[in-house]
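This report describes a protein chain for a reader who meets it here for the first time. Please look over the sequence and the structure before reading on.

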Amino acid sequence: MPFARLATATTPTCHIGLGLAAVGRPGYINLGRDHDLGEDRSVDTLRTRTHELLDAAYAQGVRYFDAARSYGRSEEFLAGWLNTRSDIGDVVVGSKWGYTYTADWRTDAEAHEIKDHSLATYERQRAESAELLGDRLDLYQIHSVTPDSPALTDKELHAKLAEAAAQGLTVGFSTSGPAQADAIRTALAVTVDGEPLFRTVQATYNVLETSAGPALAEAHDAGLTVIVKEGMANGRLADPHAPDAVRAIAEEAGLGSDAVALALVLRQPWAGVVLSGAATAVQLSSNLHAAVVDLDDEQQSRLDALVEEPVAYWERRGQLPWH
């Protein structure tokens, strides 16, 4: 299992990964993108930014990088960086299939991505990922599984995924929506020839949305590596948007609200890797300070009071505009 490589890492930031959703394409739903990216979002500009972020992340101890077929050119950018850093052999690379990027490098597209968890989509996108990342791809995840996803019941797809796993690729899934816990528990029961199919789960968990926590603990106990995405709630937990309680605790710690928000996730005993979705090197460095934030019980209680009902949280997320 490629994540075993992370167990040998000793830097404080080894459990923080870099997700490329925010820089692999010009449009995304994160708050503050106009400030973070500016007007020039050409392919070359975002490629350069992505490479700078990857350099900065690696230099500061980050060893997991996360892309997806639907994150614009994220796989292409990551593959280009890996090709220029052939001396690096201690990173773990993950990507995802199941969404097709359809925005054609526009921020005002009617549809930015289209979801399809069919076997045909898997085979097409697996070939596309392989062409770019080759044997550097360690982990391939089904993108945004929900309880009604056909990927949870398609036996032919399961057989193909198990075949890829037998050849050395780690197979995982990510979840989305208010029923994440149900999707996780259903996925944990998926087997091929009596063996569990999935070895990793990637889910949303943050100060505002904690409903997947018990199911993620179960996944961890079952031997899966847990990857946490959207720890910043798409920018809602970063300055200047963070709730007053988060900003107050950040002031007490002498750090940014983002570090406090990510520290809460790192504190969970089941969290294997927590993703930074930084769009700038300054944001990345601030995010990485989460590794040294020591929340006390009183601060934890103040953060616990901010939890939203899952349906309300996901409704608000669904209303965030693509910038």
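How many salt bridges does the count come to? The count comes to 21 salt bridges, where a salt bridge is a side-chain nitrogen of Lys or Arg within 4 Å of a carboxyl oxygen of Asp or Glu.

## Basis of the description

This is a predicted model, in which local features need pLDDT of at least 70 and side-chain atom pairs count only at pLDDT 80 or more, while totals for chains, interfaces and linings use all residues. Residues are numbered from 1 along each chain as its sequence is written, and side-chain values use heavy atoms, with hydrogens and water left out.

## The barrel

A closed barrel of eight strands runs in the order β1-β2-β3-β6-β7-β10-β11-β12, with parallel pairing; two strands pair if DSSP finds at least two bridges between them, and strands (E, at least two residues) as well as helices (H or I, at least four residues) are DSSP runs, numbered from the N terminus. Neighbouring strands of this sheet are turned against each other by 25° on average, direction ignored, with axes taken as lines fitted to C-alpha atoms and angles running from 0 to 180 degrees between N-to-C directions.

Strand β6 (residues 139-145) and strand β7 (residues 170-175) run parallel and are joined by five bridges. Q141 stands opposite G172 in β7.

Side chains of opposite charge can pair when their charged atoms come close. The side chains of K96 and D66 meet in a salt bridge with 2.4 Å from N to O. This pair links distant parts of the chain, since K96 is in strand β3 and D66 in strand β2, 30 residues apart. Both K96 and D66 are buried, a word that stands for under 20% relative accessible area, with exposed meaning over 50% and partly exposed in between (1.4 Å probe, protein chains only).

D90 forms a salt bridge with R63, and their closest N and O atoms are 3.1 Å apart. Because D90 lies in the loop between α4 (74-84) and β3 (92-97) and R63 in the loop between α3 (43-59) and β2 (64-66), the pair ties together parts that are 27 residues apart in sequence. D90 is partly exposed, with a relative accessible area of 32%, whereas R63 counts as buried at 14% relative accessibility.

## Helices and a network

K160 forms a salt bridge with E123, the closest N and O atoms being 4.0 Å apart. K160 lies in helix α6 (residues 155-166) and E123 in helix α5 (residues 119-133), so this pair ties together parts that are 37 residues apart in sequence. Elsewhere, a network of salt bridges links D44, R47, R73 and E76.
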